[in-house]
Amino acid sequence: MLNIATMGTSKITHAFIEATEALDEAKVVAVFSRKENTARSLANKYGIKTIYTDLTVLLADPNIHCVYIATPNVLHFEHVMACLREGKHVICEKPIFLTSQEWDLAYAEADRRGLYLFEAMRHLHTPNFTRLKESLKEVGDVSSVYLHRIRYSSKYDAFLQGQISNVFSKEAGGGALRDLGVYPLSLSLAIFGVPRSTSYHPILLDNQVDGSGVMVLNYNGFNCVIMVSKIATSYNNGEIHGQKGTITVDNPAPIKKIKLHSGGKMKDVGIEESLPNMSYQIKNFIHIMNERDHELYHYYREISKQVTRIIEQY
């Protein structure tokens, strides 16, 4: 049993706790927040007995094996390093770090201590991701790809009134590319590998953070166009175009609907997954730790490294 403590109390932390509740091999045993009432509210909702408001005390608890970090992006590096130095494995929400230097330092620390550090890219661990990859052989040589993450932010109306939250703050590691672009970018890297070149064309808001933008990944023989936005909502599917057909996918995360269009016919490829979307990454992480599956670990961490390297440029 992997005993996990959580840091952060936003919606994604609730989803993570619910994902562990569907598994036998992991359990959230403690929650951390700087505010006691916030920690208590989260703990009470899920029947968790232990709360912490002092990170030093949490990290001294020998009953905690792993820490799930869902704090503001700009604090990820500080919190990850604190956990690693006290001998805890770490699952950190995306984007894991803001710079390649932070990524290198943190993974070097994890390796030196024999610990595992994971970026929580939930969409790359699901059965539907596997089905998407397997479907590529049906469309032949790829000629173009369009992916997107375009969702009107619940914080945007407040931004327009002058209230700038972390997701719209460049200093806090916010913006459309960092907050949303991680999903389609990592999906492209996981399927097609590292592109030959990249470019990003942002639409900047008044405070110079990107409210939306278009990224182009140039591969040998095709481009992948990625659209991201926190100031609009899209109802389109993503598409992978090939010589023999086209694959449509509803979202980069979570992937729920995949359709293969070929020869004038359409076939549903996606399945209804049996577990909460975030449960699959936790199962995969535990498998990697228990079986010391270094090949799989390095597959995911290389994707994380390349996503960080690419986004850092913009």
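Contact here means heavy atoms within 4.5 Å. Helices (H or I, at least four residues) and strands (E, at least two) are DSSP runs, numbered from the N terminus. The model is predicted: local features need pLDDT of at least 70, side-chain atom pairs count only at pLDDT 80 or more, and totals for chains, interfaces and linings use all residues. Residues are numbered from 1 along each chain as its sequence is written, and side-chain values use heavy atoms, with hydrogens and water left out.

**Two helix pairs**

Two packed helices are described by the angle between their axes and the distance between the axes. Axes are lines fitted to C-alpha atoms, for helices over the stretch in contact, and angles run from 0 to 180 degrees between N-to-C directions.

| Helix pair | Angle | Axes |
|---|---|---|
| α4 (residues 76-85) and α5 (residues 100-113) | about 10 degrees | 10 Å apart |
| α9 (residues 279-291) and α10 (residues 294-312) | roughly 130 degrees | come within 8 Å |

Angles under 35 degrees count as roughly parallel, over 145 as roughly antiparallel, 65 to 115 as roughly perpendicular and the rest as oblique. By its angle, α4 is therefore roughly parallel to α5. On the α4 side, Phe77, Val80, Met81, Leu84 and Arg85 meet Glu102, Leu105, Ala106, Glu109, Ala110 and Arg113 of α5. This contact has 7 nonpolar, no polar and 4 charged residues. In these classes Ala, Val, Leu, Ile, Met, Phe, Trp, Tyr, Cys and Pro count as nonpolar, Asp, Glu, Lys and Arg as charged, and the others, Gly among them, as polar.

The helices α9 and α10 are oblique to each other. Asn284, His287 and Ile288 in α9 touch Leu296, Tyr297 and Tyr300 in α10. By class, that contact holds 4 nonpolar, 2 polar and no charged residues.

**Around α4**

Buried means under 20% relative accessible area, exposed over 50%, and partly exposed in between (1.4 Å probe, protein chains only). The buried residues of α4 are His76, His79, Val80, Met81, Cys83 and Leu84. They pack against α5 and against β1 (2-7), α3 (55-59), β4 (66-69), β5 (89-93) and β6 (117-120). Just after α4, Gly87 has a positive phi of about 80 degrees.

**Cysteines**

A disulfide is a pair of cysteine sulfur atoms within 2.5 Å, and the count by this rule is 0. Cys92 is in no disulfide, and the nearest cysteine sulfur, that of Cys83, lies 9.0 Å away. Cys92 counts as buried because its relative accessibility is 0%. Cys224 is also buried, with a relative accessible area of 0%.
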